[in-house]
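User: Could you walk me through a protein model step by step? I am new to this and would like to ask some questions.

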Amino acid sequence: MKTLIAAAFVALICFVSPLTAADRVPILIIDGQNNHDWKATSPILQKCLEASGRFEVTVATAPPRGAAADAWEAFQPDFKAYKAVISNYNGELWPERVRKDLETYVEHGGGMVIVHAANNAFPEWEEFNKMIGLGWRGNTFGDRVIVGEDGRQIRVPKGEGPGAGHGQQHEFAVRTRDTEHPVMKGIPAEWMHAKDELYHGQRGPGQSMHILATAWSEESTGGTREHEPMVWWIPYGKGKVFTTLMGHGDYSMKCIGFQTILLRGTEWAATGEVTLPVPRNFPTPDESKSVE
């Protein structure tokens with residue numbers, strides 16, 4: 001069951017605060033190419049971040065697919081001006097100078113947040129694969145990581161089991177795996193997420209993964225009958241890379257659970273702390289809740 005929350009209650013979701021612009025955490029969203037509808041989803045990411053009162057948001061839109069070299073030459077995001085970078089991008093490989101700038105930025109302490117299909121990007125970029133841990137890759141690309149009933153991580157060697165995929169879109173339960181992590185503290189042990197793609201079979205180096213939440217991939221919806229990672233983070237140098245696999249469509253991103261984890265994960269990746277509370281209207285184990 002799904003409950004829609006009227007716009008008048010957005011303050012309960014996005015935690016409006018009285019911070020001045022000078023006190024807000026500067027965040028960069030990168031979009032511009034994606035096999036998903038970034039023109040519909042980036043505004044939702046930006047709106048929720050800004051409505052929280054905690055962040056000052058800038059959007060850098062990369063050139064479209066097939067753009068001329070001079071368009072890419074003009075694409076020069078200044079990562080060091082921000083505390084965290086949110087990727088809503090899945091497309092052509094960035095120029096080497098941009099890739100190196102991002103590597104240096106995160107290695108020196110910058111935060112990065114990967115949303116849904118952004119983990120599909122850049123299979124040929126070795127350092128990006130290390131940063132995200134697992135991505136949308138074939139089953140020979142690297143190991144798969146799943147979680148047992150006891151919460152223990154299980155590694156499936158490359159070449160064994162499925163590669164990346166998803167079944168039909170549906171609402172599904174998200175299970176908190178690390179109740180003490182600052183992002184997850186106070187979030188229910190299980191809650192219902194709005195209609196979305198439930199990714200499975202993600203592959204990569206998967207080193208130093210801290211899995212914060214999983215979802216059961218139900219066979220009846222085309223899944224794997226395994227607990228698949230949904231939310232995790234990986235250290236990269238002095239920086240932190242935070243991933244949520246939720247957020248396929250604008251309707252998925254309107255889920256209060258998705259927005260809460262996005263906000264708290266972004267704040268933590270950027271600052272190392274979480275001050276934004278879990279809202280009172282957070283989804284329950286039986287009912288998803290979304291903004292209208």
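Predicted model: local features only at pLDDT ≥ 70, side-chain atom pairs only at ≥ 80, totals over all residues.

Residues are numbered from 1 along each chain as its sequence is written, and side-chain values use heavy atoms, with hydrogens and water left out.

User: How many helices and strands are there in the protein?

Analyst: Good place to start! Both kinds of element are DSSP runs, numbered from the N terminus: helices are H or I with at least four residues, and strands are E with at least two. Counted this way, the protein has 7 helices and 16 strands.

User: What radius of gyration does the protein have, and what does the globule rule give?

Analyst: The radius of gyration is taken over C-alpha atoms, and the globule rule is 2.2 Å times the number of residues to the power 0.38. For 292 residues the rule gives 19 Å, and the protein is close to that, so it is as compact as a globular protein of that length. The radius of gyration itself is 18 Å.

User: What part of the 292 residues counts as buried?

Analyst: A residue is buried under 20% relative accessible area, exposed over 50%, and partly exposed in between (1.4 Å probe, protein chains only). By that cut-off, the buried part of the 292 residues is 55%.

User: Which strands pair with β4, and in which sense?

Analyst: Two strands pair if DSSP finds at least two bridges between them. Strand β2 (residues 25–31) is joined to β4 over 4 bridges in the parallel sense, with I30 opposite S87. On strand β5 (residues 111–115), I114 stands opposite S87, and this pairing with β4 also has 4 bridges. The partners are β2, parallel, and β5, parallel.

User: Are the faces of strand β4 covered or uncovered?

Analyst: In a regular strand the side chains alternate between the two faces of the sheet. In β4 (residues 84–87), A84 and I86 lie on one side and V85 and S87 on the other, and all of them are buried.

User: Which residue in β10 is the bridge partner of R175?

Analyst: Strand β9 (residues 170–176) runs antiparallel to strand β10 (residues 190–196), with 5 bridges between them. β9 also pairs with strand β13 (residues 210–216), antiparallel over 3 bridges, where T176 stands opposite A213. In β10, the partner of R175 is E190.

User: Is R203 buried or exposed?

Analyst: R203 belongs to strand β12 (residues 203–204). With a relative accessible area of 0%, R203 is buried.

User: What is phi of H116, and where is this residue?

Analyst: Most residues other than glycine have a negative phi. H116 has a positive value instead; its place is the loop between β5 and α5 (126–132). H116 counts as buried because its relative accessibility is 2%. Its phi is near 50°.

User: Is R225 buried or partly exposed?

Analyst: R225 also has a positive phi, near 60°, and is found in the loop between β13 and β14 (227–236). Its relative accessibility is 48%, so R225 counts as partly exposed.
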